[in-house]
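Please open the structure in your viewer and keep the selection tool at hand.

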Amino acid sequence: AGRSWVAIAGAHGDDGVGSDALARLYALTDQPEVRASLLERAARREEAHLAVLRVQQGEAYAALGRPADALAAFSRALDADPGHDGARGGVAALADDPEVRPAALEALCRAFLGAGEWDPLLALVDQRVQVAPDRETRVRMLEEAATLQEERANAPVAAMHTLRRAFALDPSSLRIERELRRLAEATGEWGLCADAFRDAAQASDRDDRREATLRSDEAAIREEQLGDRAKGLEAAAAALLKRPRRVDLAERVARRGLATEGWSLAEGALRAAAADPEAPVEILSCLAEVQRAAGSRRGLADTLGRLADQMPLALDPLVELAELAAPELPAPAGEPTAVGEVLDDPALARRALTRLYERASSLWRAGTPSTGTRQPAAQAGPALDRLLELLDAAAAQGDEDAAREAVVRLEDAARLDWPPKVRAARGLDAGSRSLALRDFEGAAACRSEERRGGEEWWYRWGPYNL
């Protein structure tokens with residue numbers, strides 16, 4: 001019987017009935033290997049036949065204008081035979097129909113995946129991403145494509161480009177960030193990695209913290225891996241603008257600005273950060289450091305004034321401000337001048353010296369050391385002498401207020417703990433200046449009071465009492 005069925009199949013072809021009969025006979029005669037081989041051939045024939053039927057069914061539905069039914073038939077044909085050209089062609093044609101385009105693209109994707117055809121599968125990525133229903137799906141598709149590019153197509157750089165797109169869609173993804181770093185390490189494509197971080201940061205416009213982190217990481221990559229300090233400075237400045245109170249970012253901007261002479265960019269970013277009334281003093285210090293290097297003297301003067309406001313026990317900012325504003329300010333031996341050029345602004349110099357003297361004398365009286373390199377006892381005298389020079393110059397131009405202020409400063413100075421002869425000289429000078437006020441025109445209203453004050457200081461500190 002078995003030989004008869006084999007002969008029939010050989011002469012007339014196998015329509016399935018012969019295979020069924022032979023399978024039963026092989027089971028009865030205990031020939032499992034032959035039976036299994038027979039059934040494998042029969043199954044393949046059935047699958048191919050079924051695929052043909054599904055394709056014909058799909059074509060019929062397409063002719064009737066029923067794209068969803070046509071796609072279902074073609075998809076079942078591809079399930080049976082992923083490489084069936086007719087089924088692929090039918091699905092590809094339906095991919096142009098807006099009604100079923102996403103599902104058609106996914107059916108083609110499954111077919112190429114089932115057949116192990118990576119190039120046409122990857123060629124579908126852009127179309128699939130374009131019709132994906134949401135951001136999460138697009139990110140997943142791009143990550144899957146990157147995996148295929150690296151593992152199947154042996155194209156790690158192409159995988160980085162794909163992950164760059166995914167990272168811009170999901171800047172919060174630490175997984176994508178790690179993958180980009182790993183691939184950059186393997187390929188040396190750190191520039192591409194830095195660009196991916198920049199793109200992701202720019203897409204994080206609702207999350208300043210994450211954007212600052214990404215731009216800061218970009219800055220580190222550009223400087224450390226690529227040796228590009230200029231672009232590193234740009235990225236660091238962008239990070240600081242998003243997180244203006246981050247002292248570490250301000251310090252990085254200052255360092256890179258000084259290293260690259262990118263003073264304008266660094267000063268702009270630091271100035272924007274310092275615009276916050278509650279900006280930490282460290283950020284103001286970074287700004288001052290860059291302004292010194294850039295020669296931005298007027299800006300430096302403003303910054304030093306703010307530093308002095310925020311550092312009530314420090315004299316250094318006021319000393320530097322006075323040196324900046326007043327030519328030829330006396331400085332104690334061994335203390336360098338902070339800037340090489342001055343503003344030559346008498347009004348600013350007068351305000352700076354007044355603040356410096358008042359702070360130095362106040363700390364001196366209280367016995368409180370200052371924070372920084374300059375100490376009160378060493379700064380009070382030079383500040384007072386230069387202030388008196390400016391006041392005398394103003395008084396010579398008829399400024400009675402300047403003359404009065406000079407007397408007040410000297411009377412105050414005479415009470416400080418100078419050596420006895422210095423203190424006496426200050427008091428004598430105060431008395432002389434007070435008496436001299438009577439010679440100013442228009443001072444009649446206060447002349448008697450000032451004369452009495454002058455006489456008191458003169459009698460106290462006159463030569464016969466030294």
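**Stop 1: the aromatic pair**

The structure holds one aromatic pair. This is a predicted model, in which local features need pLDDT of at least 70, side-chain atom pairs count only at pLDDT 80 or more, and totals for chains, interfaces and linings use all residues. Residues are numbered from 1 along each chain as its sequence is written, and side-chain values use heavy atoms, with hydrogens and water left out.

Select Phe167 and Phe197. Their ring centres are 5.6 Å apart and their planes stand at 80°, so the pair is edge-to-face. Rings of Phe, Tyr and Trp (its six-membered ring) pair if their centres lie within 6.5 Å; planes under 30 degrees apart count as stacked, over 60 as edge-to-face and the rest as tilted. Phe167 belongs to helix α10 (residues 156-169) and Phe197 to helix α12 (residues 190-202), 30 residues apart, and the pair thus links distant parts of the chain. Helices (H or I, at least four residues) are DSSP runs, numbered from the N terminus.

Buried means under 20% relative accessible area, exposed over 50%, and partly exposed in between (1.4 Å probe, protein chains only).

**Stop 2: the nonpolar cores**

Next, select Leu240, Val253, Leu270, Leu356 and Tyr357. Of the 58 residues in the largest nonpolar core, these touch the most other members. A nonpolar core is a set of buried Ala, Val, Leu, Ile, Met, Phe, Trp, Tyr and Cys residues joined through side-chain atoms within 4.5 Å. A second, separate core of 50 residues includes Val100, Ala194, Phe197 and Leu214.

**Stop 3: two loop residues**

Select Asn154, in the loop between α9 (135-151) and α10. Its phi is near 55°, a positive value in a residue other than glycine, and Asn154 is exposed, with a relative accessible area of 65%. Then select Glu261, in the loop between α15 (247-260) and α16 (263-274). Phi of Glu261 is near 60°, again positive in a residue other than glycine, and Glu261 counts as exposed at 57% relative accessibility.

**Stop 4: confidence**

Finally, colour the chain by pLDDT, the predictor's confidence in each residue, from 0 to 100. The protein chain averages 82, and 78% of the residues score at least 70. Over residues 329-340 the pLDDT is below 50. Where pLDDT is low, the predicted coordinates should not be read in detail.

Conventions. Contact = heavy atoms within 4.5 Å.
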